[in-house]
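Open the model in a viewer and keep the selection panel at hand. The stops below go from a helix pair to a set of charged side chains.

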Amino acid sequence: MTAADTVSNPPRTKTRVAVLISGSGTNMVSLIKAGQRAEAAYEVGLVVSNIQDAAGLEKARALGVEAIALPHRDFGKDREAHERAVQKLLAEAQIEVVALAGYMRILTPYLVREWEGRMINIHPSLLPLYPGLDTHARAIAAGDAEAGCTIHIVTEGMDEGPVLGQARVPVLPDDSAEVLAERVKGVEHTLYPEVLDRFCRQLAG
Ligand code: GRF
């Protein structure tokens, strides 16, 4: 490499991503691992959970990522106060993009506006079908032939923002919601890192 190469192709710094979780964090693990590859456009620099003992916290720490529990219960009914405390952690960690991965809180306009265009979410259905909870049971009850997951930009309407990517799986005749959820998770773990990487590349221009 010559000095001229260094000027025209400066080493790209990775986009710093925070992952917000409430539970097991299997998507979070796939995001962290993909971000640790040399060629990744992002790295997960922080994990925050609103649940004190979320299993994902220890998984993040085992992968070398700082992981902080900030229980919403400590803030009573004041959802925005909790979000302001989350925001302080994100700012201190110099986070540039937020990925929600099983974060079971409805956000207030405060946090959504702070991260407008820089916060994404994974939802376990083929949006616009089945926003909200119990997506797999609803897909089975409707007799759908296909289910899947959607990555979208977070906006103030729940599960409504612009879609960045989807992955599909078949619904099989004897599926329970749990069996279907596991099949969908298999594709979530591939799709989410791919879409986050592309999203960060586009943001970085
Ligand atoms: C996933 O099904 C995701 O689509 C939804 O919450 C679940 C999180 O699972 N938003 P995990 O904690 O990543 O295992």
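Predicted model: local features only at pLDDT ≥ 70, side-chain atom pairs only at ≥ 80, totals over all residues.

Residues are numbered from 1 along each chain as its sequence is written, and side-chain values use heavy atoms, with hydrogens and water left out.

Select residues 26-35, helix H2, and residues 55-62, helix H3. Their axes come within 9 Å and cross at roughly 15 degrees, so the two helices are roughly parallel (angles under 35 degrees). Now show the side of H2 with Thr26, Met28, Val29 and Ile32, and that of H3 with Gly56, Lys59 and Ala60; these residues make the contact (heavy atoms within 4.5 Å). They divide into four nonpolar, two polar and one charged.

Next, look for salt bridges (a side-chain nitrogen of Lys or Arg within 4 Å of a carboxyl oxygen of Asp or Glu); the count comes to nine. For accessibility, buried means under 20% relative accessible area, exposed over 50%, and partly exposed in between, with a 1.4 Å probe and protein chains only.

Go to helix H4, residues 79-92, and pick Glu80 and Arg84, four residues apart. Glu80 is partly exposed at 30%, and Arg84 is partly exposed at 44%.

Further along H4, select Lys88 and Glu92, separated by about one helical turn. Lys88 is exposed at 54%, as is Glu92 at 53%.

Asp175 is buried at 11%, whereas Arg183 is partly exposed at 22%.

Technical notes
Axes fitted to C-alpha atoms, helices over the stretch in contact; angles between N-to-C directions. Parallel < 35°, antiparallel > 145°, perpendicular 65-115°, else oblique. Nonpolar A, V, L, I, M, F, W, Y, C, P; charged D, E, K, R; others polar.
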